[in-house]
Amino acid sequence: MTPHKPTKIISLLLIFSLFLTGNTPCISTESTGLSWQERWVRDGAGDASRVMLTPGSTPANLNFCWYSENPGSPAVEISEDDDFQSARLFRGTVLKINRSSETTHYRASHRVSVTDFFQENKTYYYRYTNDITASPVKWSSPRTYSTRDTKSFCALLIGDAQIGAFGDIASDTETLCRTLEQAEQTAPDAAFLLSAGDQIDYKTDQDEMGLRESQYAGFTYPDLFRSLPVAAAIGNHETKGTDYKYHFYNPQSAGNPGATPSGCDYYFRYGNALFLVLNSNSRDSESHRKFMKKAIQKNGDAKWRIVLFHHDIYGSGAAHSNRTGANMRIFFAPLMDEFAIDVVFTGHDHSYARSYSMLDGTAIDGDTKKGRDCILKNPPGTTYFTLGTSSGSKTYDLASPRQFYVSERKNGRTPTFSTLTVTTKTLKVKTYDYNGKKFAGDFILKKTEKKKNPAAEIQKIQAKKLKKYEKKYAKKSVQKLKKALKAYRRLFRPTARDKGAEKAARLFGKKNDPLSYYGYVAGTTDALPDGFSTLLDKTRKQQIKISMKKFRAAVKRIKKAEKQLL
């Protein structure tokens with residue numbers, strides 16, 4: 001893709017301000033004879049008030065969020081008919097805000113939650129108002145929302161739209177729209193969209209010029225977002241500002257786990273999948289752990305556990321993967337192991353990568369290749385995806401040399417999107433460029449048994465059971481088990497307690513925090529030094545990659561030896 005040429009945002013938005021129209025639908029799909037830029041101006045460029053749909057806690061629920069210039073009594077009407085004669089009214093709440101784009105000042109973030117209402121595979125009509133008490137009530141234009149099947153469903157995936165990163169909000173927005181238009185054609189039955197963070201570019205907490213909201217005006221502009229719920233992670237470019245939490249009304253976030261000024265962790269359930277969205281700008285590991293434990297306990301019957309956060313802890317981009325991504329690895333990778341997460345979707349490095357099955361920093365290669373596609377069956381670890389940029393606003397080179405944990409990677413310097421298809425037996429990820437051409441190999445995960453963490457089970461035998469066995473059974477009888485454990489340690493190289501990661505988590509946000517908010521070593525743009533973290537040392541110095549066959553054989557020998565004792 002040819003890079004965009006920078007333009008002066010301020011002069012452009014001064015022109016746009018003449019055309020500001022308030023809460024209007026986004027891109028018109030009809031043939032008007034207007035250029036994209038002319039339609040963008042006509043529809044109210046710089047308008048950050050557009051409604052955003054976000055998933056509810058279950059498919060029967062849906063959340064709405066939008067800005068207005070003045071607080072009111074917000075409400076949403078939902079109807080099965082377009083005349084709204086039998087509509088049901090849902091009242092909302094108001095968060096008073098003080099936010100400005102370069103054209104408009106906003107004083108209210110309206111939030112409405114529709115609960116226990118929607119049924120599968122039906123089309124509904126909705127409209128919303130800033131003030132249900134007004135006479136007459138001023139309603140938005142009606143829009144449609146279609147529910148999908150929950151037993152087998154599809155979701156869209158995008159990374160780092162980062163609107164405004166190249167200095168041209170309009171151009172970045174146009175490319176994002178083009179990517180989403182193609183995504184909608186590729187997966188017309190998508191139930192929702194996952195965005196891996198950095199929806200906008202402006203990352204400071206000071207914003208006299210209103211750039212943050214002007215960039216959010218670009219991100220929220222695509223017409224698809226009026227009908228498709230968006231579950232977005234918080235990027236490092238968003239974490240210092242408060243805009244994110246005013247644009248997205250996320251479900252299941254009680255207690256503000258993993259909070260930064262922008263927002264916190266949340267989760268939702270869709271069919272047989274549990275989606276956990278973490279704020280990776282927070283390095284408070286214990287807060288994330290409590291959140292994940294509670295969500296998983298409440299959804300113990302969910303077959304799939306899927307996580308979304310921003311930092312690519314097993315990515316392959318030259319900019320971040322060996323620095324901020326590596327630093328964040330010590331906080332988040334152990335959580336993915338502990339809770340037996342199936343797949344993790346991240347962003348941050350604006351280039352595509354897929355890892356091997358990762359467990360305790362060891363890459364376990366069980367990929368069954370068919371062409372360049374990958375089929376994985378009952379892997380012991382977690383597969384990590386780094387999604388590319390959806391707007392093309394910024395691209396990075398791939399890291400050199402290629403990391404040991406990378407199964408596939410690619411940077412075609414073109415906007416991309418992915419589809420996630422979930423059934424009772426399989427999870428599939430396909431990735432395309434914004435022209436609809438296949439960009440990376442397909443990934444198919446098959447699961448026929450409940451997932452466990454075998455490394456944790458073996459650690460329990462090593463740390464707690466072995467001494468009991470030595471006291472209870474003859475030395476010769478225990479020798480076979482000890483020999484199997486030794487062979488496993490030599491192959492897998494399990495890490496010891498990570499005191500460095502524990503210390504850094506405790507110091508998060510304090511004066512002596514070893515890392516900056518961005519994730520570098522404080523005062524530098526470096527990764528943490530050798531000797532700081534046992535996991536980081538293992539992944540950087542030992543770089544262990546083993547076959548699935550060898551790993552399973554080592555685990556099997558231990559279990560067999562233990563069974564013979566018992």
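Reader: In which sense do strand β7 and β8 pair, and over how many bridges?

Author: This is a predicted model, and the answer should be read with that in mind. Strand β7 covers residues 123–129, and one of its residues, Tyr124, stands opposite Tyr145 in β8. The pairing of β7 with β8 runs in the antiparallel sense, and the count is 4 bridges.

Reader: Which strands are the edge strands of the open sheet?

Author: The open sheet has 4 strands with antiparallel pairing, in the order β4-β3-β7-β8. An edge strand here pairs on one side only, which holds for the strand at 88–91 and for the strand at 143–146. From one strand to the next the twist averages 30°. The edge strands are therefore β4 and β8.

Reader: How many residues apart are Arg127 and Glu77, which form a salt bridge?

Author: The closest N and O atoms of Arg127 and Glu77 are 2.9 Å apart, and the cut-off for a salt bridge is 4 Å. Glu77 is buried, with a relative accessible area of 14%. Arg127 belongs to strand β7 and Glu77 to strand β3 (residues 75–79), so that the pair links distant parts of the chain, 50 residues apart.

Reader: By about how much of a helix are Glu286 and Arg289 separated?

Author: The side chains of Glu286 and Arg289 meet in a salt bridge, at 2.9 Å from N to O. Glu286 is partly exposed with a relative accessible area of 37%, and Arg289 also counts as partly exposed, at 25% relative accessibility. Because the two residues lie 3 residues apart in helix α6 (residues 285–298), their separation is about one helical turn.

Reader: Are Asp342 and Lys447 buried or exposed?

Author: The side chains of Asp342 and Lys447 meet in a salt bridge of 3.0 Å, N to O. The pair links distant parts of the chain, 105 residues apart, with Asp342 in the loop between α7 (324–338) and β15 (343–346), and Lys447 in the loop between β25 (443–446) and α8 (454–472). With the cut-off for burial set at under 20% relative accessible area, both Asp342 and Lys447 are buried.

Methods. Residues are numbered from 1 along each chain as its sequence is written. This is a predicted model: local features need pLDDT of at least 70, side-chain atom pairs count only at pLDDT 80 or more; totals for chains, interfaces and linings use all residues. Side-chain values use heavy atoms; hydrogens and water are left out. Two strands pair if DSSP finds at least two bridges between them. Axes are lines fitted to C-alpha atoms, for helices over the stretch in contact, and angles run from 0 to 180 degrees between N-to-C directions. Buried means under 20% relative accessible area, exposed over 50%, partly exposed in between (1.4 Å probe, protein chains only).
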